[in-house]
Each structure stands twice: as C-alpha cells, then as structure tokens.
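User: Hi! Could you walk me through this model? I'd like to talk about its surface and pockets.
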Amino acid sequence: MVEVSRPFVGETGGLGVLAGTLRSGWRFALACGLAALLLAVLGLRLVPAQHTASMVVGPTARTGVAAMGPRMPVHGADGAFGLAEPGTGEETLSDFSRFLELLGSVPVAARLMADPALAPRLFPERWDGTGWAAPSGAGAALKRLALGLAGREDWLEPDAEAVAARLRRMLVVAPVGTSPMRRLSLRHPDRAFALELLGRLAAAADAHLRAEASRRSAAQVAHVRAKLATVTQADHRRPLVDLLAEQERVSLLIEVDLPFAADPIQPPAAARQPDWPDPLVVLPGALAGGLALGAFLATYRAVRRG
C-alpha cells in the first residue's frame, strides 16, 4: 500500500494555530489595548503640558558697516592691517561658536541671575512662594536620604552652577539644514516664560561676548598707547599709530547697539497650545502597543496550554 505524503503540520498548522488563538483571544488583546489607552490618558493628565519656544540665530555679518574686524589686527603681506589672527584652521574659533558654547555656561547663568525672579521660575519645585524649601515627594525624599548616607546635603537655593545645569537640560540646539544657522528651543509649562527665557538667554550670551571683546580691545589700546609713549623714532612709531587707529576702530564698532556674535534670524515663538506631550502621538501609540502586547500574551497563554 502506497502512503500518500501530507504536508508537515508545523508549517501549515502553526499559522492556523496562531490565527485561531487570535480569534479566540481578541477580547483579551482589546482589553489590553484599552487599558494601555486609559493609562496614556491618565499620564497625559498627570504630566504637566509644556510649550516649546524656538528661535533661529545665525552668525553676524563681518563685512561692510557691520564688520567688527579682527580682535588683534596684524600686518598682512602687503603691510596692510585687517587680517585675521594667525594660526592654523583648527585653532580658529568664531564668535558664533563661542556664542553657542556659552548658552549653557556659568557666566551666562550668572548674568541671568541678576534678575532675582528668574531662579524661582526655573525651580518652582523648590520655591514655596516666600522662600526656598526642600521639594516634597517620595523621589525627593529618597534623594535626600541617599545624599545623607553619603555625607552630603541637598541644596536649597540654586546658584549659577545649578541654573547653568538646568539650562543645559532644557535647551536644544539643532542645525537648520546645511547652513550655519542654528535653531534654539526649550520647553516650559509657562509659554510666556519660555519665550522670555529663550530671548534673554541669547541676549545674555551675546552680551557676555561683547563685554569680553570690549575688555580685550581696551587692554590692547592701553598697551599700544603705553608703547607709543616710550618710542621716539618715527619709523617705529608709524606701525604703532596705525595699529592704535585700527584697534580704536574695532573698539568703536563693538559699542554699536547691534548683535555682536549672533543675529536673531527668527525671534522666539511658540504655539498657543501646549505641544508636549502630543496626544496625537501618545494615544495611538499606546493603543497599538497595548493591542500588540495583548496579542502576544494571548498567544503565549495558548502555547503554554498546549
């Protein structure tokens, strides 16, 4: 008697078992999806909604009327002034690069803290309306316990270092296409404060660079003038006079009330409605994840039952 071959059950029956399991366990998968959706709704209610403020900045012009010129003018091949500072390409660091690096720095944070109302709005969990106090909650209590076991104390009043660290966590710097422009953005529950903070942060970094450039220029002018007072030969005085005139021009342009290192291409802006977390992303994602988890658990239970 010839035996008729039949298809391997594992190849065809596996998909059939899976389909049958899903047909019988769709209620369980749907329940998991609805539970995940409910948890997502509760999470959206509990997590404070935040506004994203953003602005676009770019390097300031270095040609024409707005040119600041080199920080320390040097002689060129033809004896003219106006060349950049000597050095290799790897040593060159533009004012705009310094500006981006200073956005989360301690000196800029110290400038912002000149306003006593800034820190309470940055650290609302530590401000009780009248003064600084330890934050409440289980997480804060565990943190204080861990610090106490290590022999340290939890700080109360924030300093410039704490403000700089908070700003670094809040701020996001992203390139705009392939251009040198950068998009600065940060999130905060208060839309007005987010817009104000972003604008003041950019202005403080630019003001810090302007003050440093002014200090360097003043020191260089004073040094050249001191040298002129001791040099009597005309051939030696002429280069110093030219250098002094160029450096005084740079010092004069630094004082112009224009952006020094970064031009605000787009001023700070934010949507009127909170955009984080986005319900249109969170809710469908939670439903899809719950359905997938429910289908997996239903299949796993069927396999365990044989």
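This is a predicted model: local features need pLDDT of at least 70, side-chain atom pairs count only at pLDDT 80 or more; totals for chains, interfaces and linings use all residues.

User: Thanks! How many helices and strands does the protein have?
Analyst: There are 10 helices and 4 strands, taken as DSSP runs (helices H or I, at least four residues; strands E, at least two) numbered from the N terminus.

User: And what share of the residues counts as buried?
Analyst: Of 306 residues, 30% are buried (under 20% relative accessible area with a 1.4 Å probe, protein chains only; exposed is over 50%, partly exposed in between).

User: Switching to pockets: which residues are closest to the centre of the second largest pocket?
Analyst: That pocket has a volume of about 290 Å³. Of its 14 lining residues, Gln50, Arg169, Met170, Arg187 and His188 are closest to the centre. For the cut-offs, a pocket is an open set of points on a 1 Å grid over the protein atoms alone, where a 1.4 Å probe fits, with protein on both sides within 12 Å along at least five of seven lines; lining residues have an atom within 4 Å of a point.

User: Which element gives the most to that lining?
Analyst: Strand E3 does, with 4 residues.

User: Last one: is phenylalanine 296 buried or exposed?
Analyst: Phenylalanine 296, in helix H10, counts as exposed because its relative accessibility is 55%.

Terms used
Residues are numbered from 1 along each chain as its sequence is written. Side-chain values use heavy atoms; hydrogens and water are left out. Grid points are joined across faces, edges and corners, and a volume is the space filled by probe spheres set on the points.
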